[in-house]
Structures are given as C-alpha cells and as structure tokens.
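Biologist: I want to learn how to read helices, loops and charge pairs in a model. Please take me through one.

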Amino acid sequence: MGDVQEIAVSGEEMELERVIVAVRNLDISPECIVPEAPLYGDGLVLDSVDMLEATLGVSRYFGFQLRSDCGEDMLISSSPRSPNQHIQSHRTA
C-alpha cells in the first residue's frame with residue numbers, strides 16, 4: 001500500500017474553493033484542489049484574467065471588496081489556504 005496523505009481542509013477553505021471553481025466554471029471538483037497548491041500558474045493553471053474574475057467573484061460572494069494591496073495579489077501569490085483568514089475576518093455575507 002502506498003502512502004496516502006489526507007490534507008485537512010476547513011469548511012471555510014472549502015467554501016472559498018467552491019466559489020473560485022464556480023466563478024471560473026472550472027472542470028474540477030473543489031474537493032480535488034490541494035489547499036497548499038498555488039492558484040495562479042502551476043496550481044490550478046489560472047491566468048491573469050481568471051485571477052481578476054476570481055477576485056471579483058470572491059469579493060461579491062463574501063460581501064466586501066478586496067483592495068489592491070490584498071486582493072488579486074493575495075490570490076495570485078497564494079493557495080486557497082493563505083487568503084482564507086483575511087476573507088473570513090472581513091466577510092459580511
């Protein structure tokens with residue numbers, strides 16, 4: 001038997017992953033996203049247009065505007081796990 005490592009994903013992280021998948025209409029199940037994998041480039045292979053639309057969708061869904069100093073740049077330079085704490089502390093929806 002090979003080593004299978006389960007990665008714990010919080011409900012909030014899964015919610016963020018579902019929003020990103022829905023906004024970009026990705027052909028992947030949110031459960032298949034590795035929480036530590038980058039969203040931009042090699043991870044989900046999202047490009048800059050995808051990231052802009054994902055940022056807008058996340059902002060709308062969670063009810064607050066991601067500012068330029070923590071918005072798209074935060075999503076581009078991170079995995080779903082990284083921006084989750086910021087999003088949860090600022091969400092209104």
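Modeller: We go through a helix, then a loop, then the salt bridges.

Modeller: First, the ground rules. This is a predicted model: local features need pLDDT of at least 70, side-chain atom pairs count only at pLDDT 80 or more, and totals for chains, interfaces and linings use all residues. Residues are numbered from 1 along each chain as its sequence is written, and side-chain values use heavy atoms, with hydrogens and water left out.

Biologist: What span should helix H2 have, at 1.5 Å a residue?

Modeller: Helices are DSSP runs (H or I, at least four residues), numbered from the N terminus. The expected span is 1.5 Å times one less than the number of residues. H2 covers residues 48-62, 15 residues, so it should span 21 Å. Its end C-alpha atoms are 21 Å apart, which agrees.

Biologist: Which residue caps the N-terminal end of H2?

Modeller: Asp47 does; one of its side-chain oxygens lies 3.1 Å from the backbone nitrogen of Val49. Just after H2, Gly63 has a positive phi of about 80°.

Biologist: Which residue has a positive phi although it is not a glycine?

Modeller: Most residues other than glycine have a negative phi. Asn25 has a positive phi of about 50°. Asn25 sits in the loop between helix H1 (11-24) and H2.

Biologist: Is Asn25 buried or exposed?

Modeller: Buried means under 20% relative accessible area, exposed over 50%, partly exposed in between (1.4 Å probe, protein chains only). Asn25 has 65% relative accessibility, so it counts as exposed. Ile28, at 28%, counts as partly exposed.

Biologist: What is Ile28 in contact with, leaving aside its neighbours within four places in sequence?

Modeller: Contact means heavy atoms within 4.5 Å. On that basis Ile28 is in contact with Val21, Ile33 and Leu44.

Biologist: How many salt bridges are there?

Modeller: Side chains of opposite charge can pair when their charged atoms come close. The cut-off: a side-chain nitrogen of Lys or Arg within 4 Å of a carboxyl oxygen of Asp or Glu. The count comes to three. Glu31 and Arg18 form one of them, at 3.3 Å, N to O. Glu31 is in the loop between H1 and H2 and Arg18 in H1, so this pair ties together parts 13 residues apart in sequence.

Biologist: Which residues are linked in a network of salt bridges?

Modeller: Arg24, Asp50 and Glu53. Asp50 and Arg24 have their closest N and O atoms 2.7 Å apart. That pair links H2 to H1, 26 residues apart. Asp50 is at 13% relative accessibility, so it counts as buried. Arg24 and Glu53 meet at 2.2 Å, N to O.

Key
Helix = DSSP H or I, 4+ residues; strand = E, 2+ residues; numbered from the N terminus. Polar contact = N/O pair within 3.5 Å; in protein donor to acceptor, adjacent residues only side chain to side chain.
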